[in-house]
Structures are given as C-alpha cells and as structure tokens.
Amino acid sequence: MSGPAGGSGIALALAVLEEVARGGPTLSANRIAQLLGIPRTSAYRLINSLTSDEYLLRHPTLDGFVLGVRVVELAHLIAPRTADPTPEIIAGLRVRTGEAVHFVRYSGGRVAIVDEDPDLPLLSIDRTRRQLGATAIGRLLIAEFPPLEPTADPRAAQVVADSARASGISIDERRRIASEVARLGYARCTEPGAVARACVAVPVRSPERELVAAVVLSTVGAEPERAERHLPALIEAGAELAHQSYAVNSPAG
Amino acid sequence: MSALSDAIARRTPDASLGSVSPLHGLRRGSVTTLDLVAQSVAAVAPAGGLLILTGGLVDRTGSFAFVTLLLTAAAVILVALAMSVFARRISAAGGIYTFVTRGLGPAAGMVAGVALLLGYAGVSIDTLRSAVRRLDAAFGGTERWASEGPASTLLVIGIGAAVTAVIALGARMSTRVMLVVEAVVVAALISVSLAVFAASGWNLAGVVPDAGTAPSLSAFAEGIGFALVCFVGFESGAALGPESRRPLAAVPRALVWTVGSVAAVYLFGVLAQLSAVAGGREASLLTEADLAANPWLDPVIHAVVAASWIACTLACTNALVRLVFTMAREGVLPRALGRTSARFATPHVAALAVGTALVIGTLLLVGAGRESLYRDVVHLAESMAFILAYLAVCAAATPYLLRIREFSLREAWPALLGTLALAGVAATEMLAEAADDATALCILIALIAGATIAHLLRVRSGRGLAGRIGAYDTPVASDAISSGAPARRS
C-alpha cells in the first residue's frame with residue numbers, strides 16, 4: 001500500500017487493518033508504523049484505539065495482531081475499494097457527455113454516494129439519501145422493492161419502505177414509480193424551480209439481477225430530453241461497471 | 001481486491017489462535033463500564049475514607065493537609081495510568097498480579113500477587129468487622145452486644161455467607177447496589193461538608209499551607225501514606241475486565257474515572273474540614289454538639305457507614321476471588337479453585353473458599369481484641385501490601401512496553417514518575433513501621449518472601465508452570481478472522 005501518511009484518521013485506520021491483513025500475526029506495531037511511514041507514537045495510539053474497539057486483537061503468543069470479527073462491520077467502507085475501475089469509467093463518462101455524472105451504491109436499502117461530480121454537486125446529499133421519491137437515485141431504489149412483492153432481501157425492502165413512508169410517499173406512488181422504472185429500464189426525475197435539474201439514473205446490477213449501484217447523469221434545466229439523450233453512453237458505462245465488478249456480461253438496460 | 005476485503009469476504013476463524021481462553025468459563029461482555037466503576041468505588045469505600053481522612057490527615061499534617069492530599073491524588077492517578085498501560089492491552093482477572101508478572105516476570109509478579117491476596121483479605125476482614133461494630137452501634141441499643149457474643153458471630157457468618165452467595169451467583173445487581181450505597185453516603189457527607197463550609201463563611205484560607213507550621217518530612221510522607229490508603233481498592237475494577245464489554249477501552253476509563261471522582265470528593269471534604277478548623281471548630285465533620293442536638297442522627301450515621309463497609313467487603317472479596325481464580329487456572333493454587341459454574345459463569349469454588357476464609361478471618365479478628373499481633377498484621381496488610389503492589393505495577397509498565405517493543409515516553413512517563421513517588425512512599429512507610437511495630441512488618445515480609453521463593457522454585461522446576469503464569473483473557477479463534485497473509489493480489 002502506498003504511504004497514506006497525512007490521510008484522514010479513518011483512512012489511516014483502514015491502512016493499519018490492511019497491513020495486518022497482509023502481514024499476518026507476526027507484524028509488530030513498530031513494523032506497521034514503518035510500512036505506513038507514520039511516527040511510532042501515532043501508530044501505537046491508533047493501534048491501541050483499534051484494539052480497544054476490538055477491530056484488532058493482540059495475538060497472545062506472536063508479536064503482532066489479528067483482525068477482530070468486528071472488522072466485518074467495516075465491509076461497507078471497504079466495498080468501494082473493490083470496484084477500482086469505477087473512477088476511470090465515471091471520469092470518462094464525464095468527458096464524453098460533458099455533463100455532471102455521479103456514481104452511487106445501494107446497500108441494505110440505503111444510498112451511499114461514492115463519486116459525486118465536483119462541477120455540479122447533488123442538490124442535497126441528505127435529500128438524496130432520505131427523500132427517495134424526489135431524486136432519480138432514490139426512485140431507482142424504490143422501484144427495486146415494489147410494495148407487497150416477494151424479495152430476496154426483506155431487510156433492505158423494509159428499510160426502503162420505512163424511508164418512503166417517512167418522506168410521505170404512498171404505496172400507490174411507489175407502485176407507479178416501480179412500473180415506470182420497469183418500463184423504461186432507468187429512473188428519471190426533474191426538479192423544477194430556480195435550480196432546475198433533470199436527472200437520469202441507470203442501474204448497475206449483480207449477476208443475480210440485484211440493484212447494487214447506479215450511474216447518474218444530471219443536467220441544468222428542467223428538460224428531461226437533455227439528460228436522456230446521453231442514455232446510450234450511461235447504459236454502456238453501467239454494463240462495463242457490472243462487467244468489471246463481476247466479470248459477467250452486462251445485464252444493465 | 002485488498003487483503004482486508006479478502007479477509008472480510010472469507011470470514012474464516014483465525015486458526016493461529018487457540019479455541020479457548022485460559023480464563024474460559026467467565027461470561028464475557030456481561031459487565032458495563034458503570035459496573036466496573038461501581039466495583040472500584042465500592043472497594044475504595046469513599047464514605048469511610050472521607051470520615052477517616054478529614055480528621056486523620058489534618059491531625060497528621062496540619063495546614064499541609066490539602067497539599068498532602070493533592071500530591072497523593074496525583075500519585076494515585078500515576079498508578080492508574082501505569083495500570084492503563086497494561087489494561088489497554090490485556091484483560092486480566094488477576095489485575096495487578098497478572099500485569100506485574102507480564103512486565104517483570106514471576107518473582108515480582110508473586111510479590112505483587114501475595115501482597116494483593118493479603119491486602120484484599122485484610123480489607124475484607126477489617127471492613128466486615130467494622131460493619132458489624134457499626135451495626136451494633138446502630139441497632140444494639142444502649143447495652144451493645146458483647147463483642148464476642150453470639151450476635152456478632154451470627155452477623156459475621158450471615159454477612160459473609162451473603163457476600164459469598166452474591167459473588168457465586170454472579171448477581172450483577174450487586175455492583176449497582178454498591179454504587180447506590182456509596183453515592184448516597186458520599187452525597188450525605190458532601191452536604192455535611194457544604195454545611196460546615198457555609199458555617200465557616202467559605203473560608204478557603206486552609207488551602208494555602210502555613211510554612212511556619214510545616215510538618216517534618218517523615219510526618220509529611222506518613223501523611224501521604226495515610227491518604228494513599230484511602231484510595232486503596234480503585235484498582236479492583238480491572239479484575240472484572242474479562243467479563244466486561246470492550247475491556248481494553250472500559251477498564252482504563254473506569255480506573256481513571258474512579259480515581260478522579262474519589263479524589264474530588266476527598267479534596268472537597270478536606271477543604272471543608274480545613275475551613276472548619278480555621279473557623280475554630282473541632283477537627284471533625286460532625287461534632288458532639290451536632291449529635292446531641294439530633295439524637296436520631298447517630299444510629300442513621302452508623303447504619304449508613306455499615307452499609308458502606310459491607311459494600312467494601314463485597315467488592316474486595318470479589319476482587320480476591322478473581323485473583324484466586326486466576327492463580328488456580330495457572331496452576332499456582334489448587335486447580336479445583338479455578339472451576340467455573342456452568343449456570344452462573346462465575347468462579348464459584350473460589351468464591352466459596354474465599355468466603356469461608358473471610359468468615360474465619362473475621363471471627364478471629366473479633367476474638368483477638370484490640371491489642372493482638374493478628375490485628376496489627378491485618379491493618380498493616382491494608383496499607384503496606386497495596387503500596388507494594390502499586391509500586392510493582394508502576395515499575396512493571398516500562399519493561400512491559402519494552403518487551404512488546406511499544407515503548408514511548410509519551411505513554412511510559414506516568415509509570416516512571418509513579419515508580420519514583422511510590423518508592424519514596426514505600427520506603428518512608430517501611431521505616432516508620434519498622435520503628436513503630438517491627439513484628440507485624442516482619443511477618444508481612446516473611447509471608448510475601450516465603451510465597452515468592454516457593455513460587456520461583458516451582459516455576460523453575462519446569463513443570464509447565466512458566467508457560468501458564470500471567471494468564472489473561474486471550475482472544476480465541478472465533479473472535480478473529482483469518483488474514484490468510486500470503487495472498488498478495490492487487
């Protein structure tokens with residue numbers, strides 16, 4: 001791992017865990033500090049804080065550490081690292097379309113914003129996460145769990161149903177969104193008013209056809225056509241992302 | 001894929017770890033930080049400490065009482081920080097005994113271990129005896145039960161049995177009850193202090209020592225030793241580490257919180273006392289006049305203090321049981337004492353043995369009377385044994401950090417400073433005690449030395465004991481996920 005010195009606390013903590021995962025239980029605290037290029041005292045403090053939270057455990061006989069079962073809780077933080085080709089594909093898409101492109105993941109019925117376009121940021125990250133009916137990103141998630149239908153992930157379905165109810169979306173509205181997304185193969189949304197936007201979200205699906213992520217394109221102005229003319233490029237990128245992540249042919253679109 | 005996400009995706013238990021911890025059988029994660037604080041606070045018995053301190057410290061060091069207490073509190077905080085060096089890394093039911101064994105090896109470990117055994121036993125016995133005396137004063141009426149009479153004996157046996165049962169059944173409520181008892185007593189004493197303070201017109205002049213009446217250096221050191229004893233027991237929360245949630249975070253926090261809050265209570269109490277002295281009142285929180293004016297006050301105070309002493313007996317016996325249990329698991333004491341109850345997940349055999357010893361020891365103390373050698377030894381154990389154990393744990397922290405190659409001055413300085421401070425206190429106390437009552441001191445030293453030499457001989461005899469001592473709650477295979485280190489893809 002290249003030196004994460006100067007990175008954020010969480011990045012540094014993850015870097016320590018990564019070194020332990022690579023080096024195994026013989027890697028001492030000193031050696032971890034060396035590998036990461038950080039002062040020893042900072043490394044000790046970080047390691048002690050990771051061990052007191054039981055992300056790391058001290059090996060009773062060897063010099064080093066082992067990963068505590070608690071790191072499994074970190075899985076959602078690690079997940080973006082598994083899709084390393086993503087930033088390139090998204091950056092390429094931004095250049096090709098000349099519009100704002102975002103990339104989000106879905107896990108457990110929630111939205112995780114992975115790559116937000118710096119030139120035209122999302123109107124509100126909080127709204128994107130909570131008011132699912134008001135964004136293309138959220139509508140894709142709502143459509144994934146149509147009300148009262150069997151699902152492979154009932155817990156995520158419950159989370160989505162709760163979020164929808166909390167933001168005042170009726171069961172009928174959820175059905176309408178689901179049928180619209182099923183018909184189109186993507187989700188769209190326009191935001192009228194002073195900061196008018198038009199937005200489309202194209203799903204990225206796992207081989208089991210589960211919604212795992214979305215490629216999102218957003219344009220200034222309330223005309224959906226302006227966003228929708230980039231659909232072929234988005235669908236192609238979605239297919240490539242699915243292919244890169246799962247080494248299977250794209251189901252997207 | 002990173003090695004970390006690989007490991008998470010596989011989620012296989014780590015086979016490089018054993019399948020059971022040396023302390024298996026205790027229920028992990030069943031104790032909260034609050035319970036640890038309760039255990040430590042009850043063992044300190046700040047209510048009793050405050051009553052003893054306020055009068056005794058002013059008597060010994062005069063206007064330097066506040067400074068003496070401040071220095072003592074600082075020294076105890078250094079001990080707590082030195083203990084945290086270990087407690088952040090290992091979770092041990094043996095507390096200081098295990099820490100010192102890990103840092104300085106079996107000989108020093110056993111010195112600390114025997115010191116703690118004697119210390120906890122001494123405090124348990126003495127506080128049980130005091131509790132019975134206080135109950136006598138509260139409910140015995142004017143004639144009082146005869147000290148060797150059946151009432152006292154029955155009370156000792158009854159309280160001893162109850163303490164044993166609470167520990168053997170693992171009643172978690174007990175620590176909470178102890179905390180409530182201590183909180184009520186301390187709140188009562190603080191309000192009395194406030195009243196005293198107010199009566200003297202918030203006179204803070206007592207804080208500043210009067211250089212003209214400086215006590216001699218030996219009186220000063222004796223004062224520190226005396227004040228230190230009032231903090232004894234704060235370390236006992238560590239004994240519940242293996243049973244607590246996230247012990248490596250919870251135990252250091254509980255230790256520092258306990259010392260900090262107890263110190264605050266004491267400092268305030270002594271401040272009130274000094275202001276009363278400055279105001280020309282008697283050097284006691286409650287004067288005879290107060291008691292005469294409120295006849296109901298006397299039995300209430302006795303009953304409340306008795307409750308505080310019983311909580312202290314329970315807490316110290318609890319720590320003693322964990323220590324005996326650890327030694328038994330290592331093979332230092334008979335193995336049978338290391339058994340745990342499958343139903344209650346407690347060291348019930350050790351609890352029964354320690355409970356029996358407590359009752360016998362207390363009855364001996366009741367029978368021995370005021371001027372016996374046995375009583376002197378018990379009293380000395382309550383102070384000297386702990387000073388030795390604290391000195392040992394401070395001295396052990398730096399070698400331990402060096403041994404695991406994690407030494408940094410930033411973490412080690414409290415232990416280094418604590419070693420110096422405690423060595424000074426231990427030396428002065430030893431000299432004072434040798435001049436005062438050499439016999440009890442010799443007996444105490446002989447007990448510790450004898451046990452240590454026997455222990456060293458057994459460890460050296462090579463029957464596997466060397467590999468088992470210093471046992472703590474190690475992570476087991478199912479606590480960890482395997483990293484499968486060689487896989488290096490990227």
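**Domains, sheet and cores**

Tutor: In this predicted model, the domain assignment divides chain A into domain 1 (9-76) and domain 2 (83-246). The C-alpha centres of these two domains of chain A are 36 Å apart.

Student: How many bridges join β2 of chain A to β1(B), and which residue is the bridge partner of L67(A)?

Tutor: Two bridges connect strand β2 (residues 65-68) of chain A with β1(B), the strands running antiparallel. L67(A) has I481(B) of β1(B) as its bridge partner.

Student: Turning to helices, is α4(B) largely enclosed by the rest of the structure or largely open, and why?

Tutor: As a general idea, an α-helix has 3.6 residues a turn, so residues three or four places apart point the same way. Helix α4 (residues 65-87) of chain B contains 23 residues and spans 32 Å from its first C-alpha to its last, close to the 33 Å expected at 1.5 Å a residue. It is largely enclosed by the rest of the structure, because 17 of the 23 residues of α4(B) are buried.

Student: Which residues touch the most other members of the largest nonpolar core?

Tutor: In soluble globular proteins, nonpolar side chains tend to be buried together. The largest nonpolar core has 131 residues, and those touching the most other members are L69(B), I96(B), F234(B) and Y266(B). Helix α12 (residues 297-330) of chain B supplies the largest share of this core, 16 residues. A second, separate core of 30 residues includes I47(A), L67(A), A3(B) and A7(B).

Student: What does I96(B) touch, residues up to four places away in sequence not being counted?

Tutor: The contacts of I96(B) include M83(B), A112(B), L116(B) and V393(B).

Student: Where does G95(B) lie, and is G95(B) buried or exposed?

Tutor: G95(B) is in the loop between α4 and α5 (96-104) of chain B. Its relative accessible area is 6%, under the 20% cut-off, so G95(B) is buried. In sequence G95(B) and L116(B) are 21 residues apart, and in space 9.4 Å, C-alpha to C-alpha.

Methods:
Residues numbered from 1 in each chain as written. Chains lettered and ligands numbered in written order. Predicted model: local features only at pLDDT ≥ 70, side-chain atom pairs only at ≥ 80, totals over all residues. Heavy atoms only, no water. Domains from an automatic or database assignment. Pairing = 2+ DSSP bridges. Helix = DSSP H or I, 4+ residues; strand = E, 2+ residues; numbered from the N terminus. Expected span 1.5 Å × (residues − 1). Buried < 20%, exposed > 50% of the residue type's maximum accessible area, 1.4 Å probe, protein only. Core = buried A, V, L, I, M, F, W, Y, C linked by side-chain atoms within 4.5 Å. Contact = heavy atoms within 4.5 Å.
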